Amino acid sequence: QVQVVESGGGLVQPGGSLRLSCAASGSMFAIYAMGWYRQGPGKQRELVAGITSGGVSNYADSVKGRFTISIDNAKKSVYLQMNSLKPEDTAVYYCNVAFSRGGAWGQGTQVTVSS
């Protein structure tokens, strides 16, 4: 009964910025961590950034210094601020939620970085 919904994707030029949002709802649960994954055309899904409920974060080397992940435990939401975007960042971005009763994925949101 858990719903995970992403938003904020779109088309942006190289060097531009986007902010992705993800909100979990539907059932009473405690969140352990939330994260963002992405899957580009012809590629496997990969971890972009993750964050625990305590605010400890980690990033893929390819996005360090450009992306920032944050969590709002009260809202059961996670955000990904993406700056200095590159064409290789183009992918469908998925939100994952790890909680006391298991885990859940969102439907994904498309990010396209192109001139």
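For burial I used relative accessible area with a 1.4 Å probe and protein chains only: buried is under 20%, exposed is over 50%, and partly exposed lies in between. In a regular strand, side chains alternate between the two faces of the sheet.

Notes on the source. The model is predicted; local features need pLDDT of at least 70, side-chain atom pairs count only at pLDDT 80 or more, and totals for chains, interfaces and linings use all residues. Residues are numbered from 1 along each chain as its sequence is written, and side-chain values use heavy atoms, with hydrogens and water left out.

Strand pairing. I took strands as DSSP runs of E, at least two residues, numbered from the N terminus, and counted two strands as paired if DSSP finds at least two bridges between them. Strand β2 (residues 10-12) runs parallel to β11, with three bridges joining them. Here I found Leu11 opposite Thr112. Between β9 and β11 the sense is antiparallel, again with three bridges. In β11, Thr109 has Tyr93 standing opposite.

Disulfide. I searched for cysteine sulfur atoms within 2.5 Å of each other and found one disulfide in the structure. Cys22 is joined to Cys95, with S to S at 2.0 Å. The two cysteines are 73 residues apart and link distant parts of the chain, Cys22 being in strand β3 (residues 18-25) and Cys95 in strand β9 (residues 91-99). The angle about the S-S bond is -80°, and the link is left-handed. Both Cys22 and Cys95 are buried.

Arg45. I checked for charges over rings, which requires NZ of Lys or CZ of Arg within 6 Å of the ring centre and within 35 degrees of the ring normal. The charged end of Arg45 sits over the ring of Tyr94, 3.8 Å from the centre. Arg45 also lies over the face of Trp105, at 4.8 Å from that ring centre.

Positive phi. Lys76, not a glycine, has phi near 50°. I placed Lys76 in the loop between β7 (67-72) and β8 (77-82). Lys76 counts as partly exposed because its relative accessibility is 22%. Ser84, also not a glycine, has a positive phi of about 50° and is in the loop between β8 and β9. With 41% relative accessibility, Ser84 therefore counts as partly exposed.

Conventions
Helix = DSSP H or I, 4+ residues; strand = E, 2+ residues; numbered from the N terminus.
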